[in-house]
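This briefing is meant for a reader who is meeting the structure for the first time. Please look over the sequence and the model before going on to the notes.

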Amino acid sequence: MHYTGQVYRPPMESDTPLLEITTGCSHNRCAFCTMYNRTPFSASKLEDIKADLAEMRNALGSDVRRIYLLNGDPFALSANRLLKIADLAHAQFPDLETLTCYASINDLNNKSDYDLKELRAAGYNDLYMGLESGWGKAVALMRKGFTIEEAWHHLDRLEKAGFRYAALLMIGAGGKGTSEINVAETAKLLNRYKPFTIAAVPTAVTPDSKLAVMRDRGEYVELNERELLEEEIMLLRALEVDDDCFFFGSHPYNTIPVSANFSERDKMIAYLENNMRKLPPSFLESIRERGQL
């Protein structure tokens, strides 16, 4: 298998076979991220993808229903390229149902509504969208490269094309003192375009990131542990999503890991509140260092 540089996939896809179709990240300018600093963005050769699919078939047999595509945002590729890759995958795995990957709002700019419907028919679905927040100022602060108006527009297009998506969020993305508006605007977006999964991870100021420079200049003020946990609880209370939507709050960055379907929302909130009370006040008022994984 061809795996180049850093390889990342959502924890929820831990049992899904991995197929590299790109390396690096096409945007690679988010303020908080250093994941792909050493790996330039490029598209994999079709012959390499074909060889990897054959190797996957030899190792796993033909009964593969789901494949996770690497790396940072494979959905940046053109619709034509993605459809060719889908054809190669279906040739090896006749019962393949889902081709899933990280994606960005930016990746939808080069795809028409017709393209999206064609991609959905080819099996692309369950896109892990790095929204980080539904509040425009936080999205701009994190240098996502799209506006919140574009997020609304493109999530509407995805919904109409029949796509499911996972919302990747950063707790505290707006900085200290903005939790209420950050939660309110994020909930407004997600309550309209309901994700099948929500992953909420505390904002981390990692070494060598643009966000570290912004923090040192006073342009971004980190939340302490109490504020991060309070914002997470606030978000859980504000969301009005389907009961089978899965909330993932068990990343190593989450101080109190908690994950469950939204049918268990009250239990998750109680768990967070009960465990907060067990933490020393000195820890809750501190800022925990979270290095890049």
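Predicted model: local features only at pLDDT ≥ 70, side-chain atom pairs only at ≥ 80, totals over all residues.

Residues are numbered from 1 along each chain as its sequence is written, and side-chain values use heavy atoms, with hydrogens and water left out. Helices (H or I, at least four residues) and strands (E, at least two) are DSSP runs, numbered from the N terminus.

**Helix packing**

- Two packed helices are described by the angle between their axes and the distance between the axes; axes here are lines fitted to C-alpha atoms, for helices over the stretch in contact, and angles run from 0 to 180 degrees between N-to-C directions.
- Helix 1, which covers residues 46–60, packs with helix 2, residues 79–92, at an angle of about 25°, and their axes are 9 Å apart.
- Helix 1 and helix 2 are therefore roughly parallel to each other, given that angles under 35 degrees count as roughly parallel, over 145 as roughly antiparallel, 65 to 115 as roughly perpendicular and the rest as oblique.
- The crossing of helix 1 and helix 2 is right-handed; a crossing is left-handed if the near helix is turned anticlockwise from the far one by less than a right angle, and right-handed if clockwise.
- On the helix 1 side, the residues that meet helix 2 are L46, I49, K50, L53, A54 and R57, and their partners in helix 2 are R81, K84, I85, L88, A89 and Q92, where contact means heavy atoms within 4.5 Å.
- Helix 8 packs with helix 9 (residues 265–278) at an angle of about 165°, with the axes 10 Å apart, and this angle makes helix 8 roughly antiparallel to helix 9.
- Helix 8 passes helix 9 in a left-handed crossing, and the residues of helix 8 that meet helix 9 include L229, E232, I233 and L236, while those of helix 9 include M268, I269, L272 and M276.

**Salt bridges**

- Side chains of opposite charge can pair when their charged atoms come close, and a salt bridge is counted when a side-chain nitrogen of Lys or Arg is within 4 Å of a carboxyl oxygen of Asp or Glu.
- The structure holds 19 salt bridges, and E13, R66, D126 and R164 are linked in a network of them.
- R65 and E97 form a salt bridge through their side chains, at 3.4 Å from N to O. R65 lies in the loop between helix 1 and strand 4, and E97 in the loop between helix 2 and strand 5 (98–103), so the pair ties together parts that are 32 residues apart in sequence.
- R65 is partly exposed at a relative accessible area of 38%, and E97 also counts as partly exposed, at 48%; buried means under 20% relative accessible area, exposed over 50%, and partly exposed in between (1.4 Å probe, protein chains only).
- E159 and R192 form a salt bridge in which the closest N and O atoms are 3.2 Å apart, and the pair links distant parts of the chain, with E159 in helix 5 (residues 148–161) and R192 in helix 6 (residues 179–192), 33 residues apart.
- K176 is joined to E227 by a salt bridge whose closest N and O atoms are 2.7 Å apart. K176 lies in the loop between strand 7 (165–171) and helix 6, whereas E227 lies in helix 8, so this pair ties together parts that are 51 residues apart in sequence.

**Single residues**

- E232, in helix 8 (residues 225–238), is buried yet has no salt bridge, and the nearest side chain of opposite charge, R290, is 8.3 Å away; for charge, Lys and Arg count as positive and Asp and Glu as negative, while His and the chain ends are not counted.
- Leaving aside neighbours within four places in sequence, E232 is in contact with I171, F247, G249, N254, V258 and L272.
- V64 is found in the loop between helix 1 and strand 4 (66–70), and V64 counts as buried at 5% relative accessibility.
- With neighbours within four places in sequence left aside, the contacts of V64 are P17, F93, D95 and L96.
- A238 lies in helix 8 and is partly exposed, with a relative accessible area of 25%.
- A238 and A184 are 54 residues apart in sequence and 7.1 Å apart in space, C-alpha to C-alpha.
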